[in-house]
Amino acid sequence: MLPRWLAVLNILSAVALGLARPEGTCSVPSPSYRRTQGRCLPAELCGARGRRPVRAARAGARDRVSASWSPVEAQYIVRFHEYRRAEAQHRLLAQGLGPEGEAWGWIRRNNKAAEYPTDFGLIRVAPGGYEALKARLQELSFVKDVHPDFQITRALAWESYPDEEDAGWAGGYGAFHGECDGDTVRKFPGRLRTRPTIGLDKDVETYSDSQSSSFFSESHRKLLLMDKSHSLTGLFEANKIYSLGYTGQNVKVGVFDTGVRGDHPHIRNIKERTNWTHEPTLDDGLGHGSFVAGVIASSDDGCPGLAPDVDLHTFRVFTNDQVSYTSWFLDAFNYAMATEMEVVNLSIGGPDYLDRPFVDKVWEVTANGIIMTSAIGNDGPLYGTLNNPADQNDVIGVGGISFKDKIAHFSSRGMSSWELPLGYGRIKPDIMAYAQDVRGSRITTGCRSLSGTSVASPVACGAVCLLASTIPKERRWDLLNPASMKQALVHGAERLPGLNIYEQGAGRATLAKSMAFLQDYTPQASLIPGVLNLTDCPYMWPFCTQPLYAHAMPVMINATILNGMGVIGHLEGPPRFEPADVGGHFVNMQFEYSTTLWPWSGYLAIYIRVNADGQDYNGQASGTIVFDVSSPYPGAGDQRQSSTVRVPFIANVIPTPSRELRVLWDQFHSVKYPPQYLPRDNLDIKNDILDWHGDHPHTNFHQMFNYLVEHGYYLEILGSPFTCFDALQYGALLMVDLEDEYYPDEILKLNSDVREKGLGVVVFAEWYNVDNLEKMRFYDDNTRTYWTPATGGANVPALNDLLEDFGVAFGDLILSGNFELAKQTVRYASGANLVKFPEGGFLHSFKLGGKATGSYSSQLHPVLGLTSVGEGHVVAYGDSGCLDGSYQVSDCYAMLKGFLEYSTGRVDLTESSEYLSALLDPNLRLETALGSDDAELPKRFEGVNFTEASFVLRHPLTCYSNSPGSPDLVTSGAPPRSIESKELLPSIPTNPDVLSNSSTQAPNDMAYTVQVTGLGSSQILGSVTTWCYVVGIVVVVGLYQFTRQRKGPIIGQGETSKGTGEHEL
């Protein structure tokens, strides 16, 4: 019989992977493990460039540290369903696979976690032997899945370099995945990462009244740093808490970083240092770990930390070259649970939230009651750039501000992109903390200043430790957990003026208000945001920019439920909306939600509509969203505690606007990273190889969204197929940078909508060239496979199918250059050409450079056309870069406005505006059609199985909760469409390195329920399997008391290390 602690841990593992739900529109999707990271193209095509790896030889070194280019041995993480000693897991694997030899080998991990049971093993696989091994592993019942052992390479930019910040696009910041040389791709080795999260120590803070000069001149900056009022303790008024006798004492904090010296003079209580890397040292050779530890725990007057008396435990998971592996993190996380860490800080992050072993382990860590803070990322000012794990509900995601309470230019912005394209992202960051010119400890002694959100994260971590110490120890961890601490921080945060909720979350963290909240805390559930005031601008952007009205796509808000009562909880019945006034009775709300909240949290997706009988109402609508959450009392058998959450709601409602003012944005046909490898749209951008910002009007197209709203348009989001909207309600369908296929019924309906119902269609395409796609293929040193783009910047062959009946088609040239239209200079960045356009249309050709065999040839190319089709209009343009705020050289919003005026009929075409006059120049009208019926068009790329990337090809035609009506009224059952072509090659991203047992899923794959208020019906979109119910019952009566109280090691028997212990490999 298993010992009780090990049985409990196995139950926890089962819960983490056993609660399944189908795909939902606002739920977190099932992590189907895909990877696009890797080294670069073969060495003969892309030689290594950049600085060689260097090691900081002394404190304060200001070198740029980059990763080495050495390949990774083929090693894999094998995850098991149960925790056992490593030797026992090894024996089981040997029994299943046969003796070790050339085919496979067990990699022994000699670290502190070896003292405890483990849930994974590390194996090496012989080159070419993976497929055979895969088949055998699939037959082993005790194996959960297999993943590559990721190399995580983090580069630190101690100073900013001109080639990174002056890249010629907005803000100068971007992802840090790799770079491009001509048409080829150079991928940095290891796990995908974004811009370094530390070292922006000369970042620029800009103000609206002085965009040309920085606030921080060097002299002013030095004076500011010498001002002790700008120390962390002074800004947080921590001395008031210190005077009460609270300094972080008896709080165990783990710092996952590059280590720290055991005799560091700034840190009083270094209780244990552990090394998880292959380097035989516990010391910090770079300065990163020392700085982070000092921000939390320094007692030096020159750079004091917020919690100087915490018990500091350092987990050295990065080498001095800033390289780590997923397996190192998994072992370190397991050890943190075994030794009962209470708070941990991760100043790391990347855009890939589908690194399943890592994400699953983070869930498990927080399920054990450990509070985790993490940096939100340094990819600002771009939107849609949140980093993982800070974007997870159970983690405190921290953004960055300056000492003047201005958002740091580099701080990543929301929303989360897990839920796109069907749903809507969650609100992140959670809170903001100081991140510019923060003082911290050097490697040996002395202080330095650095900037970045990996500075903000330990600032928040220090605040968490200090707040935790204010709770009496005997009841501290009965009250504190990842949810209650986040509730305290959110409650105490002060909103920063001029910023929206996806920039600042709840606002700047404070100590006094959060402490007061905790002193009177009763375990409870809550919602983020706690108030849905859709009239509150700019904080509730984008919701506050457009009022509600009838016959519209639902406004979607993806809120986060926090459950401070326990690691697991349930909603006691569906949420409900209680109207408070006349306008409230016109509001219809539909909810999707986590029926099981784990760990400590869940989601509540709110779909807000105005009923048809409110189409003439003009006024305010208010009410309250109400739901009840229950959790078991720890150690109390079947007894449960409950909490009622009440969320005020207020919005403005107007009569339904006229058709020509309403524009529908097609989000449904967008494909995103992750999981797919989608190349960047602008091939001239050299420091970013991926299109990963969400392609949504509220992420990288948010400036365009604001422009249209300011000019009187109402932009709605279509997250379902074309068969799910009424064309008579809209002036135009706006299709920008789309990658997916189209159902045959969609093509037929759109043709009818344009010809018979007068719908306008505006298409912004992107480049598509098969030869270029082949060149962008690269070798991934993590998955040990070649990866090929799923499609080009846009899926031109699919667009051509859609536009065929209109006589419009794009070609496969890749064009770049500038042109002038209506006295405005427009940048054309890696766009497509037009090869077919109908007679009578207006066709614009410009002198642009075309990529051909690596050289440019400048000549006139048709790239813009406008034509009437029946009762409607069609506009086709070959590039979307001028709308995309990520890499925009100059915008073309005025041109877009002209397109909409033409396609919606908003302006009388007989009295054209200046822009319309230029667009409809009579000299540009085609007397004969461009191209012939038998013209050769770009063909679909046969080097990839696009079905793996396409939502359309994998799902039947159906209207989802995000469509105008109730899903049970608009659902159809047409089968997925198929593409007729030659036999497709096996997909590069088909998960050759992931073996998943069909009976297990990620913990966020819980069942969800849809409930419609006012319609008198509910629809169950997902159900929990029978065995999941059994697991849930076991958890309710047994697991909770262990994960909540944590009286003794959860992972291993034996005592926790006492005093100062130092352990090396």
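Reader: What makes the link of Cys724 to Cys959 a disulfide?

Author: The model is a predicted one. In it the sulfur atoms of Cys724 and Cys959 lie 1.9 Å apart. The cut-off is 2.5 Å, so the pair counts as a disulfide. The torsion about its S-S bond is -95°, and the link is left-handed. Cys724 is in the loop between β31 (714-718) and β32 (732-736), and Cys959 is in the loop between α23 (951-954) and α24 (967-970), so the pair ties together parts that are 235 residues apart in sequence.

Reader: Why do Cys724 and Cys959 count as buried?

Author: Buried means under 20% relative accessible area. Cys724 has 9% relative accessibility, so Cys724 counts as buried. Cys959 has 6%, so the label applies to Cys959 as well.

Reader: How many disulfides does the structure hold, and what is the pairing of the bonded cysteines in sequence order?

Author: There are four disulfides. With the bonded cysteines of the protein chain numbered in sequence order, the pairing reads 1-2, 3-4, 5-8, 6-7.

Reader: Why is the disulfide of Cys303 and Cys447 called left-handed?

Author: Cys303 is joined to Cys447 with an S to S distance of 2.1 Å. The torsion about this S-S bond is about -70°, so the disulfide is left-handed. Cys303 sits in the loop between α8 (288-297) and β12 (311-316), while Cys447 belongs to strand β19 (residues 447-450), so this pair ties together parts 144 residues apart in sequence. Both Cys303 and Cys447 are buried.

Reader: Is the disulfide of Cys537 and Cys544 left-handed or right-handed, and why?

Author: The sulfur atoms of Cys537 and Cys544 are 1.9 Å apart and form a disulfide. The torsion about the S-S bond is about 100°, so the disulfide is right-handed.

Reader: Which labels do Cys537 and Cys544 get for accessibility, and why?

Author: Partly exposed covers the range between the buried limit of 20% and the exposed limit of 50%. Cys537 has a relative accessible area of 41%, so Cys537 is partly exposed. Cys544 is at 14% relative accessibility, so Cys544 counts as buried.

Reader: How do you know that the sulfur of Cys461 is too far from the closest cysteine sulfur for a bond?

Author: The closest cysteine sulfur to that of Cys461 is in Cys465, at 4.4 Å. A disulfide needs sulfur atoms within 2.5 Å, so the distance of 4.4 Å is too far for a bond. Seen from Cys465, the closest cysteine sulfur is in Cys461. Cys461 is at 0% relative accessibility and therefore counts as buried. Cys465 is also at 0% and is buried.

Reader: What makes the link between the side chains of Asn111 and Asp331 a polar contact?

Author: The distance joining the side chains of Asn111 and Asp331 is 3.1 Å, and the cut-off for N or O atoms is 3.5 Å. Asn111 is placed in the loop between β3 (104-106) and β4 (118-125). At 13% relative accessibility, Asn111 counts as buried.

Reader: Which residues of helix α15 are buried, and what puts them on the same side?

Author: The buried residues of α15 (residues 512-519) are Ser514, Met515, Phe517 and Leu518. They cover an arc of only 160° around the axis, which puts them on the same side of α15. Among the elements that cover these buried residues are α7 (238-242), α11 (453-469) and α13 (482-492).

Technical notes. Residues numbered from 1 in each chain as written. Predicted model: local features only at pLDDT ≥ 70, side-chain atom pairs only at ≥ 80, totals over all residues. Heavy atoms only, no water. Helix = DSSP H or I, 4+ residues; strand = E, 2+ residues; numbered from the N terminus. Buried < 20%, exposed > 50% of the residue type's maximum accessible area, 1.4 Å probe, protein only. Polar contact = N/O pair within 3.5 Å; in protein donor to acceptor, adjacent residues only side chain to side chain. Arc of directions from axis to C-beta. Contact = heavy atoms within 4.5 Å.
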